[in-house]
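Colleague: I would like a close look at a single part of this model. Please take me through it step by step.

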Amino acid sequence: MKLFTFALCFIIYMFACKANQESGYAYLIEKQNIHEITVLEAIQVSTYTYLKCNENGKEIWLAVKKMDVKIGKKYYYTSGMEMQNFTSKELNRTFESIIFLESVSPNPEMKKEDSSESIPHQNTEQNPHSKI
């Protein structure tokens with residue numbers, strides 16, 4: 001009987017810990033302005049990975065330093081620089097809106113990034129990322 005009581009208490013404790021951890025992630029996401037995305041498509045080019053993502057039911061495009069991502073997986077980011085009507089020369093494609101990021105993380109407990117340090121600023125032609 002004592003073993004059953006101990007096992008039951010242990011199971012309840014584990015569920016409570018898991019629920020607390022999940023609510024902790026929600027708190028981090030809300031308070032640290034962490035964005036949760038699901039990758040729908042990834043396009044690799046020489047130095048960038050372009051990600052078509054779902055964020056809160058809205059499709060968005062992100063660009064990060066070249067990295068491996070898994071389609072359908074959730075990732076997180078904190079800040080970036082949005083560009084309107086950005087043309088990628090490598091893809092020969094214009095994105096109506098795209099957010100350039102330093103990185104995305106599979107973990108919501110990521111360090112908050114300073115958006116001013118996330119993207120290198122270049123002054124070339126009309127587009128600061130015209131070499132892409």
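Colleague: Is F100 buried or exposed, and what is its relative accessible area?

Modeller: The model is a predicted one. In it, F100 has a relative accessible area of 1%; buried means under 20%, so F100 counts as buried. F100 also takes part in a ring pair, and its partner is Y48. A pair of aromatic rings is described by the distance of the centres and the angle of the planes. For Y48 and F100 the centres are 5.7 Å apart and the planes stand at 85°, so this pair is edge-to-face. Y48 belongs to strand β2 and F100 to strand β6 (residues 93-100).

The structure holds five aromatic pairs. Ring pairs join Y48 and F100 with Y50, W61, F86 and F95 in a cluster.

Next come the nonpolar cores. The largest has 13 residues, and I37, L51, C53, L62, Y77, L101 and V104 have the most contacts inside it. Strands β1 (35-44), β2, β3 (58-65) and β4 (74-77) each give two or more residues to this core. Its largest share, three residues, comes from β3. F100 is part of another core, which lies apart from that one and has eleven residues, including A63, F86 and I98.

Back in strand β2 (residues 48-55) there is also T49. T49 is buried, with 0% relative accessibility, and its side chain makes a polar contact of 2.6 Å with the side chain of Q44.

Key
Residues numbered from 1 in each chain as written. Predicted model: local features only at pLDDT ≥ 70, side-chain atom pairs only at ≥ 80, totals over all residues. Heavy atoms only, no water. Helix = DSSP H or I, 4+ residues; strand = E, 2+ residues; numbered from the N terminus. Buried < 20%, exposed > 50% of the residue type's maximum accessible area, 1.4 Å probe, protein only. Polar contact = N/O pair within 3.5 Å; in protein donor to acceptor, adjacent residues only side chain to side chain. Core = buried A, V, L, I, M, F, W, Y, C linked by side-chain atoms within 4.5 Å. Phe/Tyr/Trp six-rings, centres within 6.5 Å; stacked < 30°, edge-to-face > 60°.
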